[in-house]
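Here is a brief report on one protein model. Please look over the sequence and the structure before reading on.

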Amino acid sequence: MSIKNEMVKYTKKDFLDYAEAFNYELDEIKDKDGNILSDDDIKKQMKSWSLKQFQDWFGFTHKNSWTGDEVKSLDKEVA
């Protein structure tokens with residue numbers, strides 16, 4: 001099996017599930033008024049994000065289903 005066959009392109013749902021593992025309060029992300037958002041507030045906002053926003057935030061588009069390695073772009077990183 002080639003590496004490309006093991007790579008799974010993350011969907012918006014996959015990213016939302018992935019995001020559940022993190023506590024974003026520690027990052028002190030602020031809203032437009034400068035208020036620090038709670039973890040729940042950040043995760044609620046994520047529900048309206050585009051797939052591109054998730055890819056930019058997490059820094060990957062695909063995940064190796066066997067090793068768990070994350071890849072920014074299949075076309076550039078996997079032959």
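## Basis

This is a predicted model, in which local features need pLDDT of at least 70 and side-chain atom pairs count only at pLDDT 80 or more, while totals for chains, interfaces and linings use all residues. Residues are numbered from 1 along each chain as its sequence is written, and side-chain values use heavy atoms, with hydrogens and water left out.

## Sheet

Three strands make an open antiparallel sheet in the order 1-2-3. Strands are DSSP runs of E, at least two residues, and helices are runs of H or I, at least four residues; both are numbered from the N terminus. Two strands pair if DSSP finds at least two bridges between them.

Strand 1 (7-9) and strand 3 are the edges, each pairing on one side only. Three bridges link strand 1 to strand 2. Met7 sits opposite Asn64 of strand 2.

## Core

The largest nonpolar core has twelve residues, among them Tyr10, Leu37, Ile42 and Trp49. Such a core is a set of buried Ala, Val, Leu, Ile, Met, Phe, Trp, Tyr and Cys residues joined through side-chain atoms within 4.5 Å. Buried means under 20% relative accessible area, exposed over 50%, and partly exposed in between (1.4 Å probe, protein chains only).

Helix 2, helix 3 and helix 4 each supply at least two core residues. Helix 2 gives the most, with three. Leaving aside neighbours within four places in sequence, Ile42 is in contact (heavy atoms within 4.5 Å) with Tyr24, Ile29 and Leu37.

## The buried face of helix 2

Phe15, Tyr18 and Ala19 are buried in helix 2 (residues 12-19). Seen down the helix axis, the buried residues fall within an arc of 100 degrees, so they line one face. The arc is taken from the directions from the helix axis to the C-beta atoms. Their cover includes helix 3 (39-46), helix 4 (51-58), strand 2 (62-64) and strand 3 (70-71).

Gln55 belongs to helix 4. Gln55 is buried, at 12% relative accessibility. Beyond four places in sequence, the contacts of Gln55 include Phe15 and Lys72.

## Salt bridges

The structure holds four salt bridges. Each is a side-chain nitrogen of Lys or Arg within 4 Å of a carboxyl oxygen of Asp or Glu.

In helix 2, Asp17 and Lys13 are four residues apart, about one helical turn. Their closest N and O atoms are 2.9 Å apart. Asp17 is partly exposed at 44%; Lys13 is exposed at 56%.

Asp39 is buried at 12%, and Lys43 is buried at 11%.
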